[in-house]
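Morning, everyone. Please have a look at the structure on the screen, and then I will go through a few parts of it.

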Amino acid sequence: MLSARSVFEEILGNDESFRLFCSIAAGGEAQGGWENARIAALLPASERALVPKITRHGADEEKHGRIFHALLRKRGLRPVDVPHETDYTTLLERHGIGLAHERLKGERELTVRDILVHLAHSRVTQQRAAERMRLLLTCFADHPDIGRAVRMIANDEDNHLAYCHEELLRLAAAGHGHAIQRILRECALTEIRVHRDVSLAVLDHMGRILRWPPTKRKVLATGVHAVYAYERLGGWRRMVTLKPPERRDALGGSASPAPEFA
């Protein structure tokens, strides 16, 4: 039977597809780490209280990248170049979502609106990341290697999502509510398209590596299109709602180490 678990097991069971899977994941995490570090360095004086949290967020993302590289090393594998059509974070930037890298490479202080854009972008993408890790947790919680990595990353992603809710609610209460909702909606509607396109590209690469028959490729692609249709018709709204999180001050401490991986 074709299921998410069976597809993931097939991908993780083959060295070449596993290399691509971990390389894509590690690349996205590393980019997120760099972005958060630059944002922390450029925060305006009015938002300097966010420095420890954004720094912690970036440190967590860098840790996740190290975990995926460690998983590769455990199997004696090296990362591969990530095909541009599977690079989720870069494609989001090219579509105008989040803060442009050219902006972050400079030294000009960010504005409060820039912070709204960053947090809204994070709110949307962290929703996707948290859901993805929960799916992997369902499939591989008991796996001796993958399970430990997934549990650690899933906990971090839930913390990141809670932090985004908390900070956006704070800024909404300060009078930025309409701007936040407008930016969230724009981010969500763009993200679901990029996620669809990246998912199809990843399936195409995996299909070639694993020599999936045309019927299997078509069924999996149909599933991706069905998810997009659901999200386009209203599923995107889960990415823009804001509510007080159960985890308060989720990024208030320092990043937890990953000695068993890094």
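This is a predicted model: local features need pLDDT of at least 70, side-chain atom pairs count only at pLDDT 80 or more; totals for chains, interfaces and linings use all residues.

Residues are numbered from 1 along each chain as its sequence is written, and side-chain values use heavy atoms, with hydrogens and water left out.

Start with helix 1 (residues 4-13) and helix 2 (residues 15-42), whose axes come within 5 Å and cross at roughly 105 degrees. Helices here are DSSP runs of H or I, at least four residues, numbered from the N terminus. The axes are lines fitted to C-alpha atoms over the stretch in contact, with angles from 0 to 180 degrees between N-to-C directions.

Now the salt bridges: the structure holds 23 of them. The term means a side-chain nitrogen of Lys or Arg within 4 Å of a carboxyl oxygen of Asp or Glu.

Which residue does D156 pair with? Its partner is K63, with the closest N and O atoms 2.7 Å apart. D156 sits in helix 7 (residues 146-210) and K63 in helix 3 (residues 51-74), 93 residues apart, so this pair links distant parts of the chain.

Are these two buried or exposed? D156 is buried at 2% relative accessibility, and K63 is buried at 2% as well. Buried means under 20% relative accessible area, exposed over 50%, and partly exposed in between (1.4 Å probe, protein chains only).

In helix 5 (residues 101-105), E102 and K105 lie three residues apart, about one turn of the helix. Their side chains form a salt bridge at 3.8 Å, N to O. E102 is exposed at 61%, and K105 is exposed at 52%.

Definitions and conventions:
Helices (H or I, at least four residues) and strands (E, at least two) are DSSP runs, numbered from the N terminus.
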